[in-house]
Amino acid sequence: MADIVQMDSLDIDLLRRLSPGYVSNARYVVEKHESPTRTSIDLNLVQLATPYVKQWEWSDDYAERYRSVVAKGTSFLASEHSTPIGIAIAEPQQWNQILNVCEIHVTEHARRRGIGRLLMDKLSAVAREREL
């Protein structure tokens, strides 16, 4: 079982290791439908002919921004046997009373085991505690 702990600082190299990027075999196509009485937006999952590969580039600007977000006490790290396997970076916004989830990542080998859900459950509990 993973341990979820509040982060008090951010090591950008850790973020780079936990979230190097992803590969997707599908994408969503957005369709908007309007009539005089109704507007709807559909998201349709479409398979790609060639997988899409995204590599994150965590710049110094991101590092500074996320360090200030983590300092607010609403970001968490998931670990197993002292090895980081997931991260959730979230920022409280008082003006609209939400907890904005900036980033959530789980290492490839730890996916499909509920780690992301544990991180989201923790964020949800913190949002309730802070009345967001």
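Reader: In E6, which residue is the bridge partner of Ala-88?

Author: This is a predicted model. Strand E5 covers residues 83–93 and runs antiparallel to E6, with 8 bridges joining the two. One of the residues of that pairing is Ala-88, and its bridge partner in E6 is Ile-104.

Reader: How many bridges join E1 to E4?

Author: These strands run antiparallel. Val-5 stands opposite Leu-77 in E4. The number of bridges joining E1 to E4 is 4.

Reader: In E5, which residue is the bridge partner of Leu-77?

Author: E4 and E5 pair in the antiparallel sense, over 5 bridges. They form a hairpin with 2 residues between them. Leu-77 has a bridge partner in E5, and that partner is Ile-87.

Reader: Which residue in the turn of the E4 and E5 hairpin has a positive phi?

Author: The hairpin leaves 2 residues between its strands. In that turn, a phi of about 50° belongs to His-81.

Reader: How many residues of E4 are buried?

Author: Both faces of E4 are covered. On one side, Phe-76, Ala-78 and Glu-80 are buried, and on the other, Leu-77 and Ser-79 are buried too. E4 is therefore largely enclosed by the rest of the structure, with a buried count of 5 of the 5 residues.

Reader: Why do the buried residues of H2 sit on the same side of the helix?

Author: The buried residues in H2 are Ala-63, Tyr-66, Val-69 and Val-70. They lie on the same side because the arc they cover around the axis is only 125°.

Reader: Which residues are exposed on the other side of H2?

Author: The buried residues of H2 have a cover that includes helix H1 (12–18), E5 and E6. On the other side of H2, the exposed residues are Asp-60, Asp-61 and Glu-64.

Reader: Is the pair of Trp-58 and Tyr-62 stacked or edge-to-face?

Author: The ring centres of Trp-58 and Tyr-62 are 5.5 Å apart. Their planes stand at 80°, and a pair counts as edge-to-face when that angle is over 60 degrees. So the pair is edge-to-face.

Reader: What is the angle between the planes of Trp-58 and Tyr-66?

Author: Trp-58 counts as buried, at 6% relative accessibility. Tyr-66 is buried as well. Their aromatic pair is tilted, with 6.2 Å from centre to centre and a plane angle of 55°.

Reader: Which residues do ring pairs link into a cluster?

Author: The structure holds 6 aromatic pairs. Tyr-62, in the cluster, is partly exposed, with a relative accessible area of 39%. The linked residues are Tyr-22, Tyr-52, Trp-56, Trp-58, Tyr-62 and Tyr-66.

Reader: Is Lys-32 buried or exposed?

Author: Lys-32 has its place in strand E2, residues 21–34. Its relative accessible area is 55%, and the cut-off for exposed is over 50%. So Lys-32 is exposed.

Reader: Which side chain does a polar contact of 3.1 Å join to that of Lys-32?

Author: Leaving out residues up to four places away in sequence, Lys-32 touches Thr-39, Ser-40 and Ile-41. Asp-42 is 10 residues from Lys-32 in sequence and 6.4 Å from it in space, C-alpha to C-alpha. The polar contact of 3.1 Å joins the side chain of Lys-32 to that of Glu-34.

Reader: Is Thr-107 buried or exposed?

Author: Thr-107 has its place in the loop between E6 and H3. Beyond its neighbours within four places in sequence, Thr-107 is in contact with Leu-18, Pro-84 and Ile-85. Its relative accessibility is 10%, so Thr-107 counts as buried.

How values were computed: Residues are numbered from 1 along each chain as its sequence is written. This is a predicted model: local features need pLDDT of at least 70, side-chain atom pairs count only at pLDDT 80 or more; totals for chains, interfaces and linings use all residues. Side-chain values use heavy atoms; hydrogens and water are left out. Two strands pair if DSSP finds at least two bridges between them. Buried means under 20% relative accessible area, exposed over 50%, partly exposed in between (1.4 Å probe, protein chains only). Contact means heavy atoms within 4.5 Å. A polar contact is a pair of N or O atoms within 3.5 Å; within protein, one must be able to donate a hydrogen and the other to accept it, and residues adjacent in sequence count only if both atoms are side-chain atoms. Rings of Phe, Tyr and Trp (its six-membered ring) pair if their centres lie within 6.5 Å; planes under 30 degrees apart count as stacked, over 60 as edge-to-face and the rest as tilted. The arc is that of the directions from the helix axis to the C-beta atoms.
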